[in-house]
Amino acid sequence: MTPSPVWHPFTQHRLEAPMKRIVATEGAYLFDEDGNRFFDAISSWWVITHGHRHPHIMAAIREATGAYDQIIFAEFTHEPAETLAGDLLEFTPTGLQHVFYSDSGSTAVEVAIKMALGTFYNRSVARDRIVVMQHGYHGDTIGTMSAGERGVFNTPFEPLLFGVDRLPFPAPGHEQETLDAFEAICRAGRAAAILIEPLALGAGGMKFYGRAVLCALKEIASHHGCLFIADEVMTGWGRTGSCFACEQAGVTPDILCTSKGLTGGALPLAATLCTAEIFEAHLSCDRRKTFFHSSSFTANAIACSAAVANLQIWRDEPVKKRLGELASLHAKHLRQFENDERFANVRQCGTIAALDLAVPSGGYLAEVGPRLRRLFRERGLLLRPLGNVIYLMPPYCASPFDIATAYGAIDEVASIVLKETAS
Ligand SMILES: *Cc1c(COP(=O)(O)O)cnc(C)c1O
């Protein structure tokens with residue numbers, strides 16, 4: 001067989017076996033060309049919320065294709081984008097009033113950063129620093145990499161990355177250090193915005209922190225006129241147990257980024273929501289104050305239709321109940337690992353569960369990562385540990401049996417790998 005010309009993301013092709021083709025998806029499962037079934041325990045990189053190919057979302061896409069494809073989103077608008085914008089204001093924290101569309105989580109964050117800087121620029125206020133959190137992840141473009149944790153992923157691009165101010169991660173018992181650091185940065189007077197993942201840091205290693213910290217960060221930001229950007233690209237649409245993580249802290253951010261689960265994961269789409277204040281800072285008879293940003297596929301009408309259908313599912317189906325049941329299942333299964341010396345930091349945030357395999361060298365490039373992946377795959381389970389951090393972020397249709405099987409595999413695979421690393 002001739003090798004495929006496809007270059008896959010986050011893949012070292014020299015070390016990976018040729019990939020199997022997935023020929024179908026359904027609910028919580030992927031089916032490959034050999035007839036194998038995999039439980040998609042990471043929701044196909046955190047995008048699938050209700051399950052693969054939810055019938056209402058698929059029907060909405062089919063229906064939309066009868067009328068639309070991509071429509072230029074300057075000079076014209078369309079029904080799916082208008083309806084979705086109104087719906088989004090209903091689902092997101094009260095106080096957000098405008099919706100700017102783009103097509104991925106990275107672009108949603110880039111837009112947020114540009115909105116924040118544009119707001120101060122248009123007001124002729126000299127504020128140009130972005131404050132972020134240690135271990136944060138906001139995407140893989142140059143701008144979002146600048147805001148994210150530096151490491152092996154972005155070392156080659158380091159010369160192009162802009163400087164940001166970093167807060168230490170609010171580890172349990174060290175929350176005050178994070179708040180004090182933020183307060184000090186704000187006092188320096190240059191902070192335009194704080195950009196953080198609320199409650200749960202995803203790609204940085206599934207690190208969770210409490211709602212009190214989130215709430216306190218927002219208060220400090222408000223007090224100093226620093227804009228608060230919530231990157232809810234991963235946390236949005238139920239992952240942390242509520243529709244958006246900010247809800248749990250009663251926080252309305254000035255800017256909120258959403259993507260991944262916005263269409264239920266079916267199609268790429270993103271939205272950056274903001275307050276009237278930020279929109280109005282760009283209103284002027286001076287055209288130079290226009291918000292100059294666009295993606296070619298801004299507000300794709302088919303993707304917007306899928307998102308409208310997703311929000312309807314949130315209204316019609318007991319999604320919140322499913323989130324609660326999934327969270328209880330995690331809690332039940334995690335308990336067995338709590339005093340297990342094979343694991344450390346057994347933790348949970350809503351529908352996300354994580355635990356660190358107690359191997360000597362951690363970090364993303366930990367040798368155990370690829371080994372774990374293969375062993376899980378052999379057991380019909382799609383899991384991609386972040387180094388030695390094993391985590392589950394399943395779609396909400398996952399059955400108690402799926403979840404129990406996944407934890408059983410973690411139990412078994414952990415022992416195999418620890419025995420290998422010991423010998
Ligand atoms: C995935 C992710 C992004 C980037 O989204 P893409 O669609 O992959 O560009 C941004 N922020 C967070 C918190 C994410 O988890």
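A residue counts as being near a molecule or strand if one of its heavy atoms lies within 4 Å of it. With that in mind, let us walk through this predicted model, in which local features need pLDDT of at least 70 and side-chain atom pairs count only at pLDDT 80 or more, while totals for chains, interfaces and linings use all residues. Residues are numbered from 1 along each chain as its sequence is written, and side-chain values use heavy atoms, with hydrogens and water left out.

Around the ligand you will find Trp46, Ser104, Gly105, Ser106, Tyr137, His138, Gly139, Glu197, Asp231, Val233, Met234 and Lys260. By class, this shell holds four nonpolar, five polar and three charged residues; here Ala, Val, Leu, Ile, Met, Phe, Trp, Tyr, Cys and Pro count as nonpolar, Asp, Glu, Lys and Arg as charged, and the others, Gly among them, as polar.

A polar side-chain atom of Ser106 sits 2.6 Å from a ligand oxygen atom, and one of Lys260 lies 2.7 Å from an oxygen atom of the ligand. Asp231 has a side-chain N or O atom 2.7 Å from a nitrogen atom of the ligand. Taken alone, the ligand exposes 380 Å², and the protein buries 83% of that. Such accessible areas come from the Shrake-Rupley method with a 1.4 Å probe, and for residues only the protein chains shown count as cover.

Asp231 also leads us to another member of the shell. The side chains of His138 and Asp231 are joined by a polar contact of 2.8 Å. A polar contact is a pair of N or O atoms within 3.5 Å; within protein, one must be able to donate a hydrogen and the other to accept it, and residues adjacent in sequence count only if both atoms are side-chain atoms. His138 belongs to the loop between β5 and α5, where helices (H or I, at least four residues) and strands (E, at least two) are DSSP runs numbered from the N terminus. His138 counts as buried because its relative accessible area is 4%; buried means under 20%, exposed over 50%, and partly exposed in between, with a 1.4 Å probe and protein chains only.

Do take a look at the backbone of that loop as well. His135 lies in the loop between β5 (129–133) and α5 (142–147), and His135 has a positive phi of about 70° although it is not a glycine. Most residues other than glycine have a negative phi. Asn345, found in strand β13 (residues 343–349), has a positive phi of about 50° and is not a glycine either.

Of its 28 lining residues, the closest to its centre are Val99, Phe100, Phe279, Phe291 and His293. On a 1 Å grid over the protein atoms alone, a pocket is an open set of points with protein on both sides within 12 Å along at least five of seven lines, and lining residues have an atom within 4 Å of a point. The lining of the second largest pocket has 14 nonpolar, 11 polar and three charged residues.

Let us finish with some residues elsewhere in the chain. Ala307 is in helix α10 (residues 301–316) and counts as buried because its relative accessibility is 0%. Ala307 and Gly261 are 46 residues apart in sequence, with 8.7 Å from C-alpha to C-alpha. Met145, in helix α5, is buried at 8% relative accessibility. Gly210, by contrast, is partly exposed at 38%, in the loop between β9 (207–208) and α7 (211–224). Arg374, in helix α12 (residues 368–378), is partly exposed because its relative accessibility is 46%.

Conventions:
On a 1 Å grid over the protein atoms alone, a cavity is a set of points where a 1.4 Å probe fits but cannot get out, and a pocket is an open set with protein on both sides within 12 Å along at least five of seven lines; lining residues have an atom within 4 Å of a point.
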